[in-house]
Amino acid sequence: MAELMTEWATRIAETELSAALPRRWAHTRGVAERAVGIRQLLGADAGLLTAAATLHDVGYAPRLAVTGFHPLDGARFLRDEHGADERLVRLVANHSFALLEAEERGLRDELALEFPLLEEPLLMDALVYCDMTTTPDGGRTSARERIAEIISRYGADSVVGRFIRRAAPELLASVRRTEAALAAQPR
Ligand SMILES: [Fe+2]
């Protein structure tokens with residue numbers, strides 16, 4: 001079941017990203033690898049986390065960029081073109097505190113009404129962890145370095161820069177909670 005969901009997600013993400021946005025595809029594969037690496041934390045939802053990690057940035061694909069806000073574009077695409085699982089769609093729509101970026105873009109209500117936050121903190125945190133510990137090229141990094149890199153890439157006063165500076169404490173707290181849960185796992 002988990003394997004099927006992962007294969008399905010990989011096929012979609014590869015189709016949309018690998019040729020059009022190779023660097024985003026490399027990042028995506030790294031985030032998915034992190035998800036596989038922490039699967040023991042999620043139990044029955046391990047496949048869901050890996051699928052969400054694989055599809056979290058699919059909305060960057062040029063042909064899917066309708067609003068230009070990738071969590072919303074990606075979630076709508078998965079819902080409308082693929083009839084994706086509701087929890088998966090809500091995870092993609094809200095990944096890495098997208099609600100705060102939606103606010104910067106005047107899309108907060110639209111996002112929140114269409115794709116309510118998933119009230120499953122372990123899954124939400126785990127997806128933040130996977131995204132925030134992966135470089136744009138798919139390598140491993142720390143959340144602090146990742147945030148600093150995003151600010152330098154987009155500029156501190158850009159929409160993304162403002163968003164990431166506001167979201168930083170939440171992002172770091174999510175990563176810390178996930179690390180603590182991993183450390184508490186029996187080996
Ligand atoms: Fe993203």
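Q: Which residues of H1 meet which residues of H2?
A: Two residues are in contact if their C-beta atoms, placed from the backbone, lie within 7 Å, and helices are DSSP runs (H or I, at least four residues) numbered from the N terminus. In this predicted model, Ala13, Leu17 and Ser18 in H1 meet Pro22, Arg24, Trp25 and Thr28 in H2. Local features need pLDDT of at least 70 and side-chain atom pairs count only at pLDDT 80 or more, while totals for chains, interfaces and linings use all residues. Residues are numbered from 1 along each chain as its sequence is written.

Q: At what angle do H1 and H2 pack?
A: Axes are lines fitted to C-alpha atoms, for helices over the stretch in contact, and angles run from 0 to 180 degrees between N-to-C directions. Helix H1 (residues 2–18) and helix H2 (residues 22–37) pack at about 155 degrees, with their axes 8 Å apart. The two helices are therefore roughly antiparallel to each other, a term for angles over 145 degrees.

Q: Why is helix H6 described as largely enclosed by the rest of the structure?
A: A residue is buried if 20 or more other C-beta atoms, placed from the backbone, lie within 10 Å of its own. Six of the eight residues of H6 (residues 86–93) are buried, so this helix is largely enclosed by the rest of the structure. The buried residues are Leu88, Val89, Arg90, Leu91, Val92 and Ala93, and they pack against helices H4 (46–55), H5 (70–82), H7 (98–104), H8 (108–114) and H9 (121–132).

Q: Leaving aside its neighbours within four places in sequence, with which residues is Leu55 in contact?
A: With those neighbours set aside, Leu55 is in contact with Ala9, Ile12, Ala13, Gly74, Leu78 and Val92.

Notes:
Parallel < 35°, antiparallel > 145°, perpendicular 65-115°, else oblique. Buried ≥ 20, exposed ≤ 12 C-beta atoms within 10 Å, placed from the backbone.
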